[in-house]
Amino acid sequence: MDIETPQATLQPGMAERAIDTATDVSRTLTEVSAALQAAVNRLSEAITTARQPGKPLATLSAITREAPLASLFVAFLVGIAVARRR
């Protein structure tokens, strides 16, 4: 008569799986946060460049300061044109 000892299957318990999942989520959030920060930095640099004298945002700011109502009307018309295309 041979008595075999059952081999313990080493499956992670619920707590270990929860810790692994939390670690994976934490890594993913860190990666997403880093990517978002990089995107914000690129956008900030682009805006800073566009605001330099003679660039598009500087010109748009000057026009808006000189004629705010006309600028608002033009923005409204552009909004209507974009909305109708969809």
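Trainee: In which helix do Arg-27 and Asp-24 lie, and how many residues apart are they?

Mentor: This is a predicted model. In it, both residues belong to helix α1, which covers residues 14–50. Arg-27 and Asp-24 are three residues apart, about one turn of the helix.

Trainee: What do Arg-27 and Asp-24 form, and how far apart are the closest N and O atoms?

Mentor: The test for a salt bridge is a side-chain nitrogen of Lys or Arg within 4 Å of a carboxyl oxygen of Asp or Glu. Here the closest N and O atoms of Arg-27 and Asp-24 are 3.9 Å apart, and the pair forms a salt bridge. The structure holds one salt bridge.

Trainee: Is Arg-27 buried or exposed?

Mentor: Over 50% relative accessible area is read as exposed, and under 20% as buried. Arg-27 has a relative accessible area of 52%, so it is exposed.

Trainee: Which elements make up the protein chain, and in what order do they run?

Mentor: The chain has three helices and zero strands. Read from the N terminus, the order is α-α-α.

Trainee: How much of the chain is buried?

Mentor: Buried residues account for 2% of the 86 residues. The accessible surface comes to about 8,100 Å², and carbon and sulfur atoms hold 63% of that surface.

Trainee: Where is Ser-71 found, and what is it in contact with beyond its neighbours within four places in sequence?

Mentor: Ser-71 is found in helix α3. Its relative accessibility is 17%, so Ser-71 counts as buried. Apart from those sequence neighbours, Ser-71 is in contact with Ile-63 and Thr-64.

Trainee: Which residues form the nonpolar patch on the surface?

Mentor: The patch consists of Phe-73, Val-74, Phe-76, Leu-77, Val-78, Ile-80 and Val-82. Together these residues have about 630 Å² of accessible area. To take one of them, Val-82 has its place in helix α3, residues 68–85. A residue needs over 30% relative accessible area to be part of a patch. Val-82 has 43% and is partly exposed.

Trainee: Where in the protein chain is confidence lowest, and where is it highest?

Mentor: Where pLDDT is low, the predicted coordinates should not be read in detail. In this chain the average pLDDT is 88, and 87% of the residues score at least 70. Confidence is lowest in helix α2, residues 56–66, with a mean of 91, and highest in α3, at 94.

Definitions and conventions: Residues are numbered from 1 along each chain as its sequence is written. This is a predicted model: local features need pLDDT of at least 70, side-chain atom pairs count only at pLDDT 80 or more; totals for chains, interfaces and linings use all residues. Side-chain values use heavy atoms; hydrogens and water are left out. Helices (H or I, at least four residues) and strands (E, at least two) are DSSP runs, numbered from the N terminus. Buried means under 20% relative accessible area, exposed over 50%, partly exposed in between (1.4 Å probe, protein chains only). Accessible areas come from the Shrake-Rupley method with a 1.4 Å probe; for residues, only the protein chains shown count as cover. Patches are made of residues with over 30% relative accessible area and no salt bridge: like charges are joined within 9 Å, nonpolar side chains (Val, Leu, Ile, Met, Phe, Trp, Tyr) within 5 Å. Contact means heavy atoms within 4.5 Å. pLDDT is the predictor's confidence in each residue, from 0 to 100.
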